[in-house]
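Okay, everyone, thanks for coming. Let me put the model up and then talk you through it.

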Amino acid sequence: MATSFEHLFDSIAPPAAEVAEMDPEDASENELYSSELAQIASAIATRRREYAAGRILARVAMGRCGVAATPLLNGPDRAPIWPAAVVGSISHTAGHAVAMAAPRGDLKALGCDIEVRAALPDRVDKRILLPREQGFVAATSRWYGRLIFSAKESVYKSLYPTTKRFINFHEVEIDLDLDRGKFVINLYSKDGKLPYQDRLRGRFSFNDRFLGTVVWIET
Ligand SMILES: CC(C)(COP(=O)(O)OP(=O)(O)OC[C@H]1O[C@@H](n2cnc3c(N)ncnc32)[C@H](O)[C@@H]1OP(=O)(O)O)[C@@H](O)C(=O)NCCC(=O)NCCS
């Protein structure tokens, strides 16, 4: 039996951002530009649908920011090349896709992530979580490990346009505020060069199936 689609990000995105969500199953490749279709020419069906959902949703979000529809291509590093007027982010998993955009003058950057709400496999826990985070998960609930993972993915997406480098999961610590649906982000770069420590903000929400995180950098 099909489950009804539940929005997760409207309540947690920053006020300046426009958000759009859908089930990737409902995404049609007919809505893609030829240059976008070329990017997924050799991809399997699932990947094609998720890519299409991201583009459809990004155009809705950008449209609400006053940006005319245009191809949204990924660069060689796989990061989307957003039009100059906006910052944005895309995430998808089986059953849920999200895109958000905000006028570039209102936010420095955006990152979002959607994940299935389930515990991380045991073997990846230590690779993703710092000792303090591991202690928090052990004392609360195992799926919070996945929530911390998602928060780190959102941090990565928000910082990437500036850093342009891989960020190790142990360079970022997430301090969940379960009562407020927020998290504090602590940056621990070995070279001391991860930027925006004081301007990063993070929020999360969840339902029975999925969890979502948003990170933004204030201007
Ligand atoms: C890029 C990455 C964050 C994507 O996350 P994911 O959970 O695999 O997939 P999601 O569906 O959430 O996000 C995929 C979308 O992110 C966007 N994306 C890809 N690379 C990106 C980057 N470097 N920066 C910002 N956005 C990026 C794309 O829009 C992509 O969708 P598309 O290919 O359909 O356009 C992840 O694969 C990755 O490489 N992580 C690196 C390490 C990391 O996260 N460190 C965390 C410590 S801070």
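I'll start with the overall fold and then move to the ligand.

Keep in mind that this is a predicted model: local features need pLDDT of at least 70, side-chain atom pairs count only at pLDDT 80 or more, and totals for chains, interfaces and linings use all residues. Numbering starts from 1 along each chain as its sequence is written.

So, the protein chain has five helices and eight strands; these are DSSP runs, H or I of at least four residues for helices and E of at least two for strands, numbered from the N terminus. Reading from the N terminus, the order is β-α-α-β-β-β-α-α-α-β-β-β-β. The C-alpha trace spans about 50 × 45 × 35 Å along its principal axes. Of the 219 residues, 41% are buried, meaning 20 or more other C-beta atoms, placed from the backbone, lie within 10 Å of a residue's own.

Now, where does the ligand sit? It lies between domain 1 (18-112) and domain 2 (114-218), because both give residues to the shell around it; those bounds come from an automatic or database domain assignment.

There are 22 residues around the ligand, and Ala79, Ile90, Ser91, Tyr156 and Tyr160 come nearest. Being around it means a C-beta atom, placed from the backbone, within 6 Å. Helix H2 (45-64), strand E2 (86-93) and helix H5 (143-163) are the elements giving two or more residues to that shell. And which of them gives the most? That's H5, with six residues.

Conventions. A residue is buried if 20 or more other C-beta atoms lie within 10 Å of its own, exposed if 12 or fewer, and partly exposed in between; C-beta atoms are placed from the backbone.
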